[in-house]
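Welcome! Have a look at the protein below, then try the exercises one by one before reading each solution.

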Amino acid sequence: MYHIGGAHCGEHVAAGRRGVINGQLGRRPAASIRPVIGQPIPIFSRRESWLKYYWVPQAIAFGYYQLSWLLYVIRPAWSYRLNADFEDHAEHEYMEFVAEHPGWETEPFESAFSGDYGRFDSLADLFRQIGHDERVHKQESLAQATASRFR
Ligand SMILES: [Fe+2]
């Protein structure tokens with residue numbers, strides 16, 4: 001799972017501590033996402049994977065940011081629509097991620113960030129909440145796209 005999009009990550013950062021944690025899932029080049037879920041999930045281990053899992057996603061995010069900016073200059077609604085599509089994709093990816101890991105339904109969510117991000121009965125609930133956050137982001141982008149047409 002990888003969260004693509006500079007604008008997307010920036011939105012999470014703007015959303016506060018909860019967003020920062022969420023944004024770290026996609027941007028951390030570390031070999032695990034331990035701070036978020038309490039247990040390390042190996043992302044990659046071989047040196048050549050840095051190209052595939054860090055540099056290529058960084059290049060894609062950079063290109064996405066430039067495209068989003070250009071669309072915003074030409075017609076803001078197009079940029080918001082693009083972001084809404086990414087948010088929709090992210091929501092579905094998180095939900096599939098949970099579905100692919102049924103053991104997370106009984107795995108407790110324990111993290112130093114839970115005081116800021118929220119307390120959840122299970123790791124599955126945590127990721128469902130993150131997926132729900134993506135839906136909210138999509139709805140906000142769609143509202144902005146509509147509003148920008150009337151400015
Ligand atoms: Fe988002």
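**Exercise 1.** Which residues in α7 are buried?

*Solution.* Start with two ground rules. Residues are numbered from 1 along each chain as its sequence is written. This is a predicted model, where local features need pLDDT of at least 70, side-chain atom pairs count only at pLDDT 80 or more, and totals for chains, interfaces and linings use all residues.

Next, the terms: a residue is buried if 20 or more other C-beta atoms lie within 10 Å of its own, exposed if 12 or fewer, and partly exposed in between, with C-beta atoms placed from the backbone. Helices (H or I, at least four residues) and strands (E, at least two) are DSSP runs, numbered from the N terminus.

Now read off the buried residues of α7: Leu-123, Ala-124, Leu-126, Phe-127, Ile-130, Asp-133, Glu-134, His-137 and Ser-141. An α-helix has 3.6 residues a turn, so residues three or four places apart point the same way.

**Exercise 2.** Which residues make up the largest nonpolar core?

*Solution.* A nonpolar core is a set of buried Ala, Val, Leu, Ile, Met, Phe, Trp, Tyr and Cys residues joined through C-beta atoms within 7 Å. Here the largest has eleven residues: Phe-86, Ala-90, Tyr-94, Val-98, Trp-104, Phe-109, Leu-123, Ala-124, Leu-126, Phe-127 and Ile-130. Two or more residues come from each of α5 and α7, and α7 gives the most, with five.

**Exercise 3.** Where do α4 and α5 touch?

*Solution.* First take the axes, lines fitted to C-alpha atoms (for helices over the stretch in contact), with angles from 0 to 180 degrees between N-to-C directions. Those of α4 (residues 49–74) and α5 (residues 76–99) come within 5 Å and cross at roughly 145 degrees. Then list the contact (C-beta atoms, placed from the backbone, within 7 Å): α4 brings Ser-68, Leu-71, Tyr-72 and Ile-74, while α5 brings Pro-76, Trp-78, Ser-79, Leu-82 and Asn-83.

Notes: Contact = placed C-beta atoms within 7 Å.
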